[in-house]
Amino acid sequence: MIKFNKLTAFALSASILTAGSVFAEQRLSMATSWGGGPPLEWAQGFADLVGEMTDGEVTIEVFTAGTLGSPLKVGETVRNGVAEAGHTFIGYEYGADKTTVLFGGRPGGLTADQMQHWLSQGGGAEMWREYRMETAELVAFPCAYIPREGGMFSSRRVQSVGDFDGLKLRTAGAWSEIAAGLGVATVVTPGAEVYQALERGVVDAVEWSALSLNQSSGFHKVAPYIVLPGFHQSTVVMECSFNTEAWDQISEHNQNMIEHAAYIQAHRVYERTGNADADAYAFFEEAGSEFVTVDDEVLAKVAELTTEWEDANAAELGGWFTRVLEDQRAFQARWVNAHEYRDSKPSQ
């Protein structure tokens with residue numbers, strides 16, 4: 001009996017160790033939409049933080065755009081198991097599902113301040129996770145926040161409503177459709193191809209992220225005008241996603257650590273980008289760029305077109321689009337007077 005009990009105990013211990021070894025160490029590949037620059041650094045920063053917070057039990061190898069699938073279809077790459085993880089702007093999937101831009105950021109949506117609060121305090125992150133699991137079979141959550149974008153870099157002066165007519169613009173997400181109301185012809189390209197499109201004259205203007213990211217991209221070298229404000233994108237939120245099978249192989253503790261890493265990295269990106277934008281503005285002034293502030297009629301027209309776009313899609317699509325839009329509008333309504341007691345203003 002004693003011998004039997006010893007053997008039973010040994011077998012039980014061995015089974016526990018074997019079960020534990022499933023979670024011992026996970027090496028994941030991460031597909032991204034980024035050819036380089038700050039966005040790729042953000043992805044690497046998240047990966048580094050995951051390694052640190054899981055004591056090296058989960059390591060993520062970050063790959064540049066196009067190495068593992070299309071840079072505009074990172075979610076698909078992750079879902080299919082070509083990569084175990086992904087880092088992208090969810091709005092790149094706009095063509096397949098317009099709901100993506102409600103989470104990723106759009107014209108007239110929640111401001112950067114509002115979006116962060118909606119996600120972390122208003123149930124937005126939970127809604128994001130439920131949405132992506134149901135529609136894309138991904139475990140997903142926000143992992144980078146960016147302030148209002150820096151506007152357009154343009155080869156021609158754009159200020160009035162009429163100036164937008166016939167403009168060839170590189171953009172993505174909801175603005176690629178809404179801008180048509182101003183007579184704009186839009187071209188959607190991933191971040192890695194934006195500079196070439198502007199340099200070669202494929203487009204007259206480009207919009208792509210915050211001023212500090214535009215600085216490192218060098219758009220000012222081929223476009224003399226910087227058109228402000230960034231009314232096309234009140235904020236941007238990046239997504240980190242995981243293949244469900246790969247995620248299930250990670251221990252619950254390390255899953256929690258990964259989500260904490262995403263939260264920390266999201267706020268790091270926001271603060272560092274905001275700080276860098278101030279320096280970028282001074283840089284462009286020194287470089288001789290001409291800042292052009294659009295007329296108030298442009299902002300009014302954009303607001304009108306955006307509301308029409310939202311209402312039309314809510315009526316046509318219903319489902320997740322309507323659910324998220326109504327939740328965000330209700331949250332935004334609670335903040336309508338925030339400019340009176342915070343350093344924030346209503347979105348334009």
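Which residues do ring pairs link into a cluster? In this predicted model, the cluster is made up of Phe103, Trp118, Trp128, Tyr131 and Trp320.

**Aromatic pairs**

The count of aromatic pairs comes to 19. Two of them are set side by side here, since a pair of aromatic rings is described by the distance of the centres and the angle of the planes.

| Pair | Distance of centres | Angle of planes | Class |
|---|---|---|---|
| Phe141 and Phe242 | 5.9 Å | 35 degrees | tilted |
| Tyr195 and Phe219 | 6.4 Å | 20 degrees | stacked |

Let's take the tilted pair, Phe141 and Phe242. Phe141 sits in strand E4 (residues 138-146) and Phe242 in strand E10 (residues 236-243), so this pair links distant parts of the chain, 101 residues apart. Both Phe141 and Phe242 are buried.

Tyr195 belongs to helix H8 (residues 194-199), while Phe219 is found in the loop between helix H9 (211-217) and strand E9 (225-228), so the pair ties together parts 24 residues apart in sequence. Tyr195 has 23% relative accessibility and counts as partly exposed, whereas Phe219, at 2%, counts as buried.

The volume of the largest cavity is about 150 Å³. It is lined by 13 residues, and those closest to its centre are Phe89, Tyr92, Glu149, Trp208 and Ser209. By class, eight of the lining residues are nonpolar, two are polar and three are charged.

Terms used. Residues are numbered from 1 along each chain as its sequence is written. This is a predicted model: local features need pLDDT of at least 70, side-chain atom pairs count only at pLDDT 80 or more; totals for chains, interfaces and linings use all residues. Side-chain values use heavy atoms; hydrogens and water are left out. Rings of Phe, Tyr and Trp (its six-membered ring) pair if their centres lie within 6.5 Å; planes under 30 degrees apart count as stacked, over 60 as edge-to-face and the rest as tilted. Helices (H or I, at least four residues) and strands (E, at least two) are DSSP runs, numbered from the N terminus. Buried means under 20% relative accessible area, exposed over 50%, partly exposed in between (1.4 Å probe, protein chains only). On a 1 Å grid over the protein atoms alone, a cavity is a set of points where a 1.4 Å probe fits but cannot get out, and a pocket is an open set with protein on both sides within 12 Å along at least five of seven lines; lining residues have an atom within 4 Å of a point. Grid points are joined across faces, edges and corners, and a volume is the space filled by probe spheres set on the points. Ala, Val, Leu, Ile, Met, Phe, Trp, Tyr, Cys and Pro count as nonpolar, Asp, Glu, Lys and Arg as charged, and the others, Gly among them, as polar.
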